[in-house]
Amino acid sequence: MKKKLFFLVAVFCFLGLGVQAQSTMSKGQLVGTLKVGFSGYGLPIGVAADYGVVSGFINGNAAVSVGGEVGVYMYDKVGGGLGVHLSAGARGNFHYEFINNLDTYVGLNLGVLGSSFALNGHLGARYYFGQWGVNLELGGGSAFGGQLGVSMKF
């Protein structure tokens, strides 16, 4: 089973090598994402928005976006009960489309998490099925974790 899955992934990767059209993030485009995941601070639930400010460089496949993110981190308090950390911040991403409809990106978040300042990096990917896509994002820093989400291009 593992060999078949590896073969399918390899085939899809090789089919996309000749793709040169940047369509997953472009200048003036807005992408919204609703996401849920896990982290060292608890269960994160949030929304993010990315706005394309530059696109079409590095063989037409690269773009830069800026945006924002707000969320809630729920956790179990010591001694019982449910605790909540609120988060809000700005984000910036460098996008590169290696395969058609697959938006891979790396970026930084700068903001607050609970009562503390946070600067975190993240690595993510969105695969689009038309206007809608699925999102996976892994983050580092003080709130290391991962999030799955649903994205929409506006």
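**Exercise 1. A charged pair**

Which residue's side chain meets that of Lys 35 in a salt bridge?

*Solution.* The model is predicted, and the steps below refer to its computed geometry.

Step 1. The criterion is a side-chain nitrogen of Lys or Arg within 4 Å of a carboxyl oxygen of Asp or Glu. The partner of Lys 35 is Glu 137, with an N to O distance of 3.4 Å.

Step 2. Because Lys 35 belongs to strand β1 and Glu 137 to strand β7 (residues 132-139), the contact ties together parts that are 102 residues apart in sequence.

Step 3. Lys 35 and Glu 137 are both buried.

**Exercise 2. From pairs to a network**

*Solution.* Step 1. The side chain of Arg 91 meets that of Asp 50 in a salt bridge, at 2.9 Å from N to O. Arg 91 lies in strand β4 (residues 82-99) and Asp 50 in strand β2, so that this pair links distant parts of the chain, 41 residues apart. Both residues of the pair, Arg 91 and Asp 50, are buried.

Step 1. Arg 91 also forms a salt bridge with Glu 137, whose closest N and O atoms are 3.2 Å apart. Here strand β4 provides Arg 91 and strand β7 provides Glu 137, and 46 residues separate the two. Arg 91 and Glu 137 are both buried.

Step 2. Through shared partners, salt bridges join Lys 35, Asp 50, Glu 69, Arg 91, Asp 103, Arg 126 and Glu 137 into one network. In total, the structure holds 7 salt bridges.

**Exercise 3. The arrangement of strands**

In which order do the 8 strands close into a barrel?

*Solution.* Step 1. The order is β1-β2-β3-β4-β5-β6-β7-β8, with antiparallel pairing. On average, and with direction ignored, neighbouring strands of this sheet are turned by 25° against each other.

Step 1. Strand β1 (residues 30-39) runs antiparallel to β2 and is joined to β2 by 7 bridges. In this pairing, Leu 30 stands opposite Tyr 51 of β2.

Step 2. Between strand β3 (residues 62-76) and β4 there are 15 bridges, again antiparallel. Val 64 faces Phe 94 of β4 as its opposite residue. The hairpin of β3 and β4 has 5 residues between the strands, and Gly 79 takes a positive phi near 90° there.

Step 3. Strand β5 (residues 102-113) is joined to β4 by 11 bridges, and the two run antiparallel. Ala 88 has Val 112 in β5 as its bridge partner. The hairpin of β4 and β5 has 2 residues between the strands, and Asn 101 takes a positive phi near 75° in this hairpin.

Note on methods: Residues are numbered from 1 along each chain as its sequence is written. This is a predicted model: local features need pLDDT of at least 70, side-chain atom pairs count only at pLDDT 80 or more; totals for chains, interfaces and linings use all residues. Side-chain values use heavy atoms; hydrogens and water are left out. Two strands pair if DSSP finds at least two bridges between them. Helices (H or I, at least four residues) and strands (E, at least two) are DSSP runs, numbered from the N terminus. Axes are lines fitted to C-alpha atoms, for helices over the stretch in contact, and angles run from 0 to 180 degrees between N-to-C directions. Buried means under 20% relative accessible area, exposed over 50%, partly exposed in between (1.4 Å probe, protein chains only).
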